Amino acid sequence: MEKYIDILSKTDLFSNIENDEILSILECFNASLRVFGKGEYVFHQGDTTSSIPLLLEGRLIIQKTDWWGRCSILNVIGHGEIFAEVYALTGRAMLNDCVAEDKCTVMFLDAVKVTGTCEASCPCHSRLIGNLFRILSEKNMTLAGKINCLSGRSTKEKVTSYLSEAAERQHSNTVTIPFDRQQLASFLAVDRSALSSVLSKMKTEGLIDYRKNKFTLHENKWKKDQ
């Protein structure tokens with residue numbers, strides 16, 4: 001566990017918690033590690049868990065697979081993020097699959113111990129619970145942002161809403177998104193060719209520039225067109 005202390009100390013969950021306190025917390029929370037290979041499922045739809053997972057290395061895809069086997073990307077989990085915490089805290093079956101996009105290392109923390117009150121009433125435990133609630137609040141805001149994106153009637157409306165949300169979240173008109181084109185199309189629930197066409201047209205119109213997953217929004221042009 002000690003080899004991951006530097007990583008853990010930089011996560012939102014362990015924010016403002018000292019390294020020696022992190023080690024104590026991991027022992028108290030029955031922390032365990034598991035490595036998943038590329039394409040391996042961390043969770044399947046319908047699974048349940050009593051542990052809060054925290055991604056230490058790699059990247060995970062949260063996806064929904066319909067009856068005909070078609071997958072829609074709902075989210076991407078980067079290293080340092082917790083995921084499936086709502087299912088761990090409520091005991092409900094998962095609605096989606098969680099797949100390793102590449103080799104991943106996941107830490108599992110006992111959900112009951114994380115949210116419970118320990119006998120020692122450690123101040124660091126209280127700080128961790130505060131961090132957890134802040135993370136949940138931020139995820140709710142992100143979900144609200146996605147709902148706004150998907151409410152767009154056209155592909156262009158969805159794209160502009162998504163890029164605007166990203167710019168606000170990253171506090172910059174130049175943003176990096178976690179998706180390639182196919183993944184972005186899946187995330188926005190649009191056709192990939194339609195997405196490519198819209199991006200190309202927006203670039204020609206001077207609204208955006210982009211290279212791979214890095215986009216620049218031209219503020220003056222946006223204001224002029226509004």
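Predicted model: local features only at pLDDT ≥ 70, side-chain atom pairs only at ≥ 80, totals over all residues.

Q: Good to know. Where is Phe215 found?
A: Phe215 is part of strand E10, which covers residues 214-217.

Q: And which residues is Phe215 in contact with, leaving aside its neighbours within four places in sequence?
A: There is a whole group of them: Leu163, Asn173, Thr174, Val175, Ile177, Arg181, Leu199, Ile208, Asp209 and Tyr210.

Q: What separates the C-alpha atoms of Phe215 and Leu163?
A: Those two C-alpha atoms are 8.1 Å apart, while along the chain the residues are 52 places from each other.

Q: Let's move on to helices. At what angle do the axes of H6 and H8 cross?
A: They cross at roughly 65°, and the axes come within 10 Å. H6 spans residues 155-170 and H8 spans residues 192-204.

Q: Is the crossing of H6 and H8 right-handed or left-handed?
A: H6 passes H8 in a right-handed crossing.

Q: Which residues make that contact?
A: From H6 you have Thr155, Lys156, Val159 and Thr160. H8 brings in Ala194, Leu195, Val198, Leu199 and Met202. Sorted by class, the contact of H6 with H8 has 6 nonpolar, 2 polar and 1 charged residues.

Q: How about H7: at what angle does it pack with H6?
A: The angle is about 105°, and the axes of H6 and H7 (residues 181-188) are 11 Å apart. That makes H6 roughly perpendicular to H7.

Q: Who meets whom between H6 and H7?
A: On the H6 side there are Lys158, Val159 and Tyr162, and they meet Leu184, Phe187 and Leu188 of H7. By class, this contact has 5 nonpolar residues, no polar ones and 1 charged residue.

Q: Next up, Leu150. Which helix is it found in?
A: Leu150 is in helix H5, made of residues 123-150. Leu150 counts as partly exposed because its relative accessibility is 35%.

Q: What does Leu150 touch, not counting residues up to four places away in sequence?
A: Leu150 touches Lys158, Phe187, Leu188 and Ala189.

Q: How are Leu150 and Gln183 separated?
A: Their C-alpha atoms are separated by 15 Å, and the two residues lie 33 residues apart along the chain.

Q: Now the strands! In what order do the 3 strands of the open sheet come?
A: The order is E1-E7-E3, and the pairing is antiparallel. E1 (32-36) and E3 (51-57) are the edge strands, each pairing on one side only. Neighbouring strands in this sheet are turned by 30° against each other on average, direction ignored.

Q: How many bridges are there between E1 and E7?
A: E1 and E7 (residues 104-110) pair in the antiparallel sense over 5 bridges. Phe36 stands opposite Cys104 of E7.

How values were computed:
Residues numbered from 1 in each chain as written. Heavy atoms only, no water. Axes fitted to C-alpha atoms, helices over the stretch in contact; angles between N-to-C directions. Helix = DSSP H or I, 4+ residues; strand = E, 2+ residues; numbered from the N terminus. Left-handed = near helix turned anticlockwise from the far one by under 90°. Contact = heavy atoms within 4.5 Å. Nonpolar A, V, L, I, M, F, W, Y, C, P; charged D, E, K, R; others polar. Pairing = 2+ DSSP bridges. Buried < 20%, exposed > 50% of the residue type's maximum accessible area, 1.4 Å probe, protein only. Parallel < 35°, antiparallel > 145°, perpendicular 65-115°, else oblique.
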